[in-house]
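The following note sets out points for a colleague who is examining this model. The coordinates are shown first, and the comments follow.

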Amino acid sequence: MRTTEALEDARRAMEICNACRYCEGFCAVFPAMEQRRDFTNGDLSYLANLCHNCRGCYHACQYAPPHEFGINLPRSFAELRAETYEEYAWPQPVAKLLRRNGLVVSVVTALALAGVLLAAMLLRSPGLLYGVHTGPGAFYAVIPHDAMAVLGSVTFLYALLALAMGFANFWRDAGARDADPLRRRPLAQALSDILTLRHLGGEHGCNDRDETFSTVRRRFHHALFYGFFACFASTGVATLYHFLFGWEAPYGVFSLPVLLGTAGGLGMVVGTLGMLWLKLAGDQAPTARTLLGTDVAFLVLLCMTALTGLLLLAVRATGAMGMALAVHLGFVLSLFLLMPYSKFVHGVYRSAALLRYALENGAGRDSGH
């Protein structure tokens, strides 16, 4: 991790926090901090990604602004996290996509939408594109299954490879290269922390909008998190149906792929809209305003991916199905392409930080919540 102004600001804050230790029971960051006398660049990268931005330490800190020390750990770590996303991205020549990310998301999404729509209009006659198609294989009358499968597989597998390389880069730089990430109990503890968001405000919640505690952010985050994976499971089940049993989409309203996709899509819409509301209406003092465009762009992309999927379900037996399918596939393609170069990567690095924390502290050790 290169030394930057944001990293030096985080180091200054950690040195003051390590002398004070008033917040030692607040979250996993502080027990991890107390194990160090000096903070290497890799340590600060690890601690920044271990922070869940619950803001409890900001409101409790006696050295927060207007004190002359001006300690604002949530904002300092948010700025440093953004730099780690670019530092560990793979391949490095395209890591700059993480800068001005709102613009990048907009351009890539527009290009993906235009590409899919143009291909559908050029390769399919108006009768097929705007016609009513029902029954098994109806989608493929508009866009061939092989084209969807190849395009989706190539972009998704590339995203997985890039995210895995980013995880490896973080793991080496954060000083965990000699640790065994597959030790059973720490791995189980880290998975539990990831799935339950244990460190996102503990039992009392976060300071979502001001000094009062609330679990609203945790609920919206869970809706988005589990909604995304329900949609992913829906696609996986549909793929098995097609290749193992020869059952072609679209499937019945009460089939497993449609039930999972509908529940997941609704969860993603509720989660993204709720997170957007909190970002725009919450207290801006402990946030990094320079990152607002990146966060909003990615949440809007997730929301539109889910909304167009639900729209496709609603109009699939009408003449609007062809255009709805092309638009939805454009958003899905854009999402896959941008996964390694958008806010999506925070899930990868935070998961790695939680695993390192579990390895450092021993599985199941209470962190203070």
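This is a predicted model: local features need pLDDT of at least 70, side-chain atom pairs count only at pLDDT 80 or more; totals for chains, interfaces and linings use all residues.

1. Leaving aside residues up to four places away in sequence, Leu129 touches Ala120, Met121, Val142, Gly319, Gly322 and Met323, where contact means heavy atoms within 4.5 Å. Leu129 belongs to helix α7 (residues 126-129); helices (H or I, at least four residues) and strands (E, at least two) are DSSP runs, numbered from the N terminus. With a relative accessible area of 2%, Leu129 is buried (buried means under 20% relative accessible area, exposed over 50%, partly exposed in between, with a 1.4 Å probe and protein chains only).

2. Residues are numbered from 1 along each chain as its sequence is written, and side-chain values use heavy atoms, with hydrogens and water left out.

3. The protein chain contains 14 helices and zero strands. Its radius of gyration, taken over C-alpha atoms, is 22 Å, close to the 21 Å that the globule rule gives for 369 residues, so the chain is as compact as a globular protein of that length; the rule is 2.2 Å times the number of residues to the power 0.38. Of the 369 residues, 50% count as buried. Among contacts between residues at least 6 apart in sequence, 75% join residues at least 24 apart.

4. How do the axes of α9 and α10 cross? The axes of α9 (residues 184-196) and α10 (residues 216-245) come within 9 Å and cross at roughly 110°, which makes α9 roughly perpendicular to α10 (65 to 115 degrees). Axes are lines fitted to C-alpha atoms over the stretch in contact, with angles from 0 to 180 degrees between N-to-C directions. Ile194, Leu195 and Thr196 in α9 meet Arg218, His222, Phe225 and Tyr226 in α10.

5. Most residues other than glycine have a negative phi, and most peptide bonds are trans. The Trp90 to Pro91 bond is cis, with omega near -10°, and the Ala249 to Pro250 bond is cis, with omega near 5°. Arg21 has a positive phi near 65° and is partly exposed, at 34% relative accessible area. Arg55 has a positive phi of about 75°, but counts as buried at 11% relative accessibility.

Key
Angles under 35 degrees count as roughly parallel, over 145 as roughly antiparallel, 65 to 115 as roughly perpendicular and the rest as oblique.
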